[in-house]
Amino acid sequence: MLHEQVCIPGVGRFFKERTAARQDFINKVYQPPVFTISFREEPVKADKQFYDFLSKERGINEVEAIRSFQDFSYRFQQHVKKFSITELPGIGVIRKNEEGRLSFQQDELLRKYFPPVPLEPTVRPSEEHALLVGNTHTSSTEMQAKLEAAEETKAKGMWWIWALIIGVIAIAAIAYYFYINGNIRL
């Protein structure tokens, strides 16, 4: 974890990568930061720091730590050769394809512990906040004033429609009255 990688001679290098948290506006969720374990099949050299760590953790001298890790590396290679698939519990699965190349698929267990969080905007009408409308930066109070002015203009510009409707109803009522009383013949 300290060096964010483990090299296994004859197999390759496992390393940790971090993807930053991000906002997914389409699905309205906040994706948490994701740590993934990746694998690269490549020739690797012995890591003195890892051997020092291993000897301290297991309480053995460095020569025994090197020998035990090399034995592990050899058994790991033999297991992959024999079965073409090896499970690393809690980490993932390493597979050998038809061409003899190794690939790694990370266990999805970590993603279960860090699910996406619903993204619900908090709007407080009484507080002013910055807005981006198109490509123009404005504030919530300026935008509210513009919307209210637009509503007023729209209401003022529509009075004649109501007057026309009332006029048509009035003419229809007068025509009906005269038609019933017999003064107008249609």
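Trainee: Which residue follows α1, and what is its phi like?
Mentor: Glycine 59 follows α1, and its phi is positive, near 70°. Helices here are DSSP runs of H or I with at least four residues, strands are runs of E with at least two, and both are numbered from the N terminus.

Trainee: What sort of model is this, and how are residues numbered?
Mentor: This is a predicted model: local features need pLDDT of at least 70, side-chain atom pairs count only at pLDDT 80 or more, and totals for chains, interfaces and linings use all residues. Residues are numbered from 1 along each chain as its sequence is written, and side-chain values use heavy atoms, with hydrogens and water left out.

Trainee: Back to α1. Which residues are buried there?
Mentor: Phe50, Tyr51, Leu54 and Ser55. Buried means under 20% relative accessible area, exposed means over 50%, and partly exposed is in between (1.4 Å probe, protein chains only).

Trainee: Where do they sit around the axis?
Mentor: They cover an arc of only 135°, so they are on the same side of α1. The arc is that of the directions from the helix axis to the C-beta atoms. Lys56 and Glu57 are exposed on the other side of α1.

Trainee: What covers the buried residues of α1?
Mentor: The cover includes α2.

Trainee: OK, α2 then. What span should it have?
Mentor: Helix α2 runs over residues 62–83, and its 22 residues should span 32 Å at 1.5 Å a residue. The expected span is 1.5 Å times one less than the number of residues. The end C-alpha atoms of α2 are 31 Å apart, which agrees.

Trainee: Which residues of α2 are buried?
Mentor: Ala65, Phe69, Ser73, Phe76 and Val80. Seen down the axis of α2, they fall within an arc of 70°, so they line one face of the helix.

Trainee: What do the buried residues of α2 pack against?
Mentor: They pack against β1 (5–8), α1 (48–58), β6 (85–88), β7 (92–96) and β8 (102–106). Contact means heavy atoms within 4.5 Å. On the other side of α2, the exposed residues are Val63, Tyr74, Arg75, Lys81 and Lys82.

Trainee: New topic. Is serine 139 buried or exposed?
Mentor: Serine 139 is buried, with a relative accessible area of 9%. Its place is strand β11, residues 136–139.

Trainee: What does serine 139 touch?
Mentor: Leaving out residues up to four places away in sequence, serine 139 touches Glu128, His129, Ala130 and Leu131.
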